[in-house]
Amino acid sequence: MTLRLSTVILPYLRWNAGGRSAWTRAEQLGFHTAYTYDHLSWRTFRDGPWFGAIPTLTAAAAVTDHLRLGTLVTSPNFRHPVTLAKELISLDDISGGRITLGIGAGGTGFDATALGQEPWTPRERADRFAEFVPLLDRLLTEDSVSYEGDHYAAHEARNIPGCVQRPRLPFAIAATGPRGLRLAARHGQAWVTTGDPRLYENGTPEQSVQAIRGQVERLTDECVAQGRDVNELDRILLTGFTPDRSRPLESVGAFVDFAGRHKELGFTELVIHWPIPDSDFAADEKVFEQIAMDGLSQLR
């Protein structure tokens, strides 16, 4: 099974002061996809510069040729399927069909209250996600959509000419719970995990591997229930949130060890964070580039 390496570039740099060069360098280094976070603000970056995902990806599409681009992840916290579909169709057109939509249920961070609402409960997030994904699927594949649901509505929403990628751009659905995994099995072209967040502080890498193995098994069970071969889905691990934290980026050897353990779990894509000084994503840029260019070639 082929393992691909991708990166995620947080949108905190002004475009002409480091932003543009990061995206063009990602293409030069040979990454499969360069993603960005789709938040209004995020964690320790809240009181500093932070730019919008869709405009950033549009600019990245204009300065790259073959690098795939995407969100990791978009959520219903401040998005509506009708307006999001229009933006995605436009972005897919501008990029020449290089967009992947990473999408998840959202959480309780700053995005959850930025529009003035109370944070949704886990059940409310799951309910909205279960309605959001199928509606977005329709909006990206049908010329005109009307829909009335519990949380979202569309009235003769036009989306002509649709995506460059057919029948639509791929969904990479982030999920670990049963309802989210069901959505991934039904609507996803890929599945995304960050591991088990309960293990981040005090767990071990071995416990993390076991927990992720369980997630993969549950995804497989959901695919069987949907009559779908799990091997039709790419499996993406967004790194940096397991007990290993940044250790896989300390050396090429450390990365090879980490990548090998997760390749054995069936992952087809690993995503590493573009280095950010003085943050949780700090890393030696030379080592990072070595990993990008040579890391996967050293896997057995």
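Start by selecting Arg182, which is partly exposed at 33% relative accessible area (buried is under 20%, exposed over 50%, partly exposed in between, with a 1.4 Å probe and protein chains only). This is a predicted model, where local features need pLDDT of at least 70 and side-chain atom pairs pLDDT 80 or more, while totals for chains, interfaces and linings use all residues. Residues are numbered from 1 along each chain as its sequence is written, and side-chain values use heavy atoms, leaving out hydrogens and water.

Glu222 sits in helix H6 (residues 205-225) and Arg182 in helix H5 (residues 178-187), so the pair ties together parts 40 residues apart in sequence (helices are DSSP runs of H or I, at least four residues, numbered from the N terminus). Glu222 itself is buried, at 15%.

Next, pick Glu289 and Arg25, another salt bridge, at 2.7 Å from N to O.

Move on to helix H7 (residues 252-263), where Arg261 and Asp257 lie four residues apart, about one turn of the helix. Their closest N and O atoms are 3.4 Å apart, in a salt bridge. The structure holds 14 salt bridges.

Last stop: select Cys163 and Cys223. Are they buried or exposed? Cys163 is buried at 2%, and Cys223 is buried at 0%.

Methods: A salt bridge is a side-chain nitrogen of Lys or Arg within 4 Å of a carboxyl oxygen of Asp or Glu. Helices (H or I, at least four residues) and strands (E, at least two) are DSSP runs, numbered from the N terminus.
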